[in-house]
Each structure stands twice: as C-alpha cells, then as structure tokens.
Amino acid sequence: MLHYPITVTTIRASKPGPRYNPVAMLWIPSDLHAEMVAHCLVGLPDEACGLLAGDAEAGEVSICYPARNAAKSAKVYTVDPRDMLQADKDAESRGIEIIGVFHSHTHTDAYPSPTDVDQAPDPGWHYVIVSLRDTHPVVRSYTIVDGEVEEESVVVLNDALVPG
Amino acid sequence: MPVDVRLPTLLRSQTGGRSTVSVEGKTIGDILNELVAQYPGMGGQLLNEDGTLHRFVNVYVNDDDVRYLDLLDTPVKPGDEVSILPAVAGG
C-alpha cells in the first residue's frame, strides 16, 4: 500500500467525462496537488496563490503555475500580473487554458471569503482553497457563479496506483 | 496600423469566440475605447463609468502591465501585442 498523505482516488482508468457526469468536479494529478499545497506552505506566513491550467470541459488540471502574491499579505492575495500573463501564454502555447485559481487561507476554513466571491473573475473557473489553519492542509474546490458558491469534488489522480 | 489584442475567455463571447482581434489605436485608451465601440458588451468589464481602467482587469503591452506604465496613456506601436486578462485576487 503506497502511503500518500492526501486522499487518493484511483479511478483514472474509468474517469467519466462531463457528458456522463453533470456534477462539477476538479480532477488533479497527485503531483500537481502536492505542488499546490507545498507552494501554499512555503508562502507562509502570507497567503499564497497560483493558477491551474488544463482541459476546461473535462475540469482536468494538467499544469499548476505557482504565482507570487503581489499583495504580500496574510489576509488577501493578488496573483502577480506578470505571473498571470506568463501562465496564460504558456497554457495557450500548449493548447490548454487557465481553468482555475488556488490560494491559501492561513487561519480560516477552506471556504470562499466574501472578497473571494466578489472578485471571482470567471464563472467557468474552479476556485481551490487550501486551508492551513490546522496542521494538516485541507484542499477544497468551488464554483462561483453570480455570487453563488457551490462546492465541487476534488479528485486526486495517481497514475502509479492504477492497476495495469 | 492595427494592433493585435488577446482577449480573455470571458470576453470571447462578444467576438464570436475569437481569442484575438485587431484594433486601431495609438494608446491603450484608444484601443480599449475602440474595442468597446466595436463590442459594446465589453464596456462594463473593461472600463469604469468615469473612463478609468476597471480594477478587475489587467492590460499588458507585450509583457508589461500598463498599471506600471502610463495606464490608459501607455503608447502602443505597430507590432506590439496587447493582452487583456482577469485581475485575479481575493481574500
């Protein structure tokens, strides 16, 4: 049994596409999930942030772009505009697109704050929050459409665990 | 001389899905006003009512954010690439 310190769901082989699964989900490979959490931990005591790119229709992340928090704050974040442009251009060159943003909450739950909801830039994006309030980081994801917050499942993919 | 403007996903519904459009203008202000003239639906998302740059968008000339240049007065010359992206922030 491979030990991995986060919940790993090994269903890649039979991963349903959006046609079969109308419920919003975020699919993220385990190494990118770990990279995202690590970037948040390294960013302490400030909030950390980054962008997720991949297949918008499937909700599957294929690249994580850690970004600088231009606000340099423990309470708010601003993805450094230069990092935003670089990530967008890189994603475009790979034929994928930015599909979401992650950021940490250093002392609160992994739930969107009123500021997160007000400033959510794109109703098609996934909004991932990494709570570092407790010793063990908590990762949750949401959609934010017209101010309405809906939680979605985060499925962590680990190819190493898929049989065959 | 038109300049290529890269649009964020959210604004592409206004351009029939096109991710890049060509717009005439000598400054970023000219370019944004011309965009709004051609695609009125973009108006509220790019500029405030007083004509200043909306705080939820970032506009770049090549690799530089116009907020670190001369904002709407930032000059644009033929061959430059203008990019518009969401300003991603929260709490």
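This is a predicted model: local features need pLDDT of at least 70, side-chain atom pairs count only at pLDDT 80 or more; totals for chains, interfaces and linings use all residues.

**Exercise 1.** What is the area buried between chain B and chain A, and what percentage of that area do carbon and sulfur atoms give?

Residues are numbered from 1 along each chain as its sequence is written, chains are lettered from A and ligands numbered from 1 in the order in which they are written, and side-chain values use heavy atoms, leaving out hydrogens and water.

*Solution.* Step 1: buried area is the accessible area (1.4 Å probe) that two parts lose on being put together, summed over both. Step 2: for chain B and chain A this comes to about 1,900 Å². Step 3: carbon and sulfur atoms give 54% of that area.

**Exercise 2.** Describe the contacts across the interface of chain B and chain A.

*Solution.* Step 1: taking contact as heavy atoms within 4.5 Å, 18 residues of chain B touch 26 residues of chain A. Step 2: with a salt bridge defined as a side-chain nitrogen of Lys or Arg within 4 Å of a carboxyl oxygen of Asp or Glu, the rule finds 4 salt bridges across the interface. One of them links the side chains of D63(B) and K89(A), at 3.3 Å from N to O.

**Exercise 3.** Is E152(A) buried or exposed, and which side chains make polar contacts with its side chain?

*Solution.* Step 1: find E152(A) in strand β8 (residues 148-157) of chain A. Step 2: E152(A) is buried because its relative accessible area is 4%, where buried means under 20% and exposed over 50%, with partly exposed in between (1.4 Å probe, protein chains only). Step 3: a polar contact is a pair of N or O atoms within 3.5 Å; within protein, one must be able to donate a hydrogen and the other to accept it, and residues adjacent in sequence count only if both atoms are side-chain atoms. The side chain of E152(A) makes such a contact with the side chain of H126(A) at 2.7 Å, and another with that of S141(A) at 2.5 Å.

Note on methods: Helices (H or I, at least four residues) and strands (E, at least two) are DSSP runs, numbered from the N terminus.
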